[in-house]
Amino acid sequence: MKKSWFLLISMMVIVTTILSACGGNGGAGSAGSDVSGNSPKGSESAFDTESKELTVYTALEDDLIKEYLKTYKEKHPDIKLNIVRDSTGIITAKLLAEKDNPQADVVWGVAATSLLVLDQNSMLEPYSPVGVDRIQAEFKDSASPEHWVGIDAWETAIIANTVELDKKGLAVPQSYEDLLKPEYKGLITMPNPASSGTGFLTVSGLQQLLGADKGWEYLDKLHENIGIYTHSGSKPAKMAGTGEYPIGISFGYRGIKEKNDGSPVEVVFPSEGSGWDVEANALMKKPKIKKAAQQFLDWAITDDAMAEYSKNYPIVAVKGDASVIPDGYTKNPIEQLIKYDLQEAAKQRENVLGEWSTRYDSKSEPKS
């Protein structure tokens, strides 16, 4: 049975952070920053108070970044931001490849499961952003100072083109089980989990929901109905909107946006429950830690920023009015989430992606 938000998330998020020697009990926390130019307390990194340029890696949706950054630019007009945006899997791979020569100063809106992988590789600099006490415990690292801090959560959804399905005399699928029906053969698209965070949370969610063996059995059957695997989590919703593939496995925000923009789609949250992940931020460990990078992370959890996130995602890291159901949802979205252990998902990520690629990658679209 679905549980309340607090009990549900408390059970499913078990974050036992691996503290690096660089982190310890100190770190570049907001209260412990040394603006004199010395190293942050507890850190081996130097401290840069002069730089006015930041490189930000993000997996946030392209059409949201510009809107989100408006309040940042109002507060910090002197800072030049170099935004590097791509799908979660690609951003994660890029960060790992750059481990010995990190290019990003901060990570903004990347899956918490990916940040846990980075943390296990000692790539994150501990930092407690100003106002972090407002963030619900289930949305942030348990260490102090935190290695990562979440901003919102997103979940699996089925986006169905009602016009195209009606032409074929087919009903809108309401569950994961429905997606296995033979009449949907070749009509479904979903994201490749190696490229897309939405793809990974869906596949990993099914593994935790059904158990590993039954999870792979389910995905084998689903594969028979898949027309193509995309390298973007939002693309299946867009393809459903145009009717290119009438059924897309994507995430709630993108499906609701397609519908609000006039596409003839129905957004369905699977009756068995949705896989999910947290979009989160972190400070990258570098030889020099920029004060501007810390200030960016401070801004990223302000009330202004949270207000923007909440326009698109119904579950945000600062607790709001649980009785208000956002437009596009038929019930409280929190009740839709499956029991999901982020730490276990991160631990199994490499194995899951390897097995998935061996079994199903033949139907992936070419990489651009």
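This is a predicted model: local features need pLDDT of at least 70, side-chain atom pairs count only at pLDDT 80 or more; totals for chains, interfaces and linings use all residues.
How much space lies in the second largest cavity? About 70 Å³.

Residues are numbered from 1 along each chain as its sequence is written, and side-chain values use heavy atoms, with hydrogens and water left out.

A cavity here is a set of points, on a 1 Å grid over the protein atoms alone, where a 1.4 Å probe fits but cannot get out; lining residues have an atom within 4 Å of a point. Points are joined across faces, edges and corners, and volume is the space filled by probe spheres set on them. Searching the whole structure gives four cavities of 30 Å³ or more.

The largest cavity holds about 150 Å³. Its lining has 18 residues, with A59, E61, R85, T88 and T198 nearest the centre. Both β4 (106-111) and α6 (197-210) supply at least two lining residues, and β4 gives the most, three. Helices (H or I, at least four residues) and strands (E, at least two) are DSSP runs, numbered from the N terminus. By class, that lining is six nonpolar, nine polar and three charged; Ala, Val, Leu, Ile, Met, Phe, Trp, Tyr, Cys and Pro count as nonpolar, Asp, Glu, Lys and Arg as charged, and the others, Gly among them, as polar.

Back to the second largest cavity. Its lining includes Y127, H147, W148 and L297. Strand β11 (residues 276-284) contributes the most, three residues. The classes there are eight nonpolar, two polar and two charged.

Technical notes. On a 1 Å grid over the protein atoms alone, a cavity is a set of points where a 1.4 Å probe fits but cannot get out, and a pocket is an open set with protein on both sides within 12 Å along at least five of seven lines; lining residues have an atom within 4 Å of a point.
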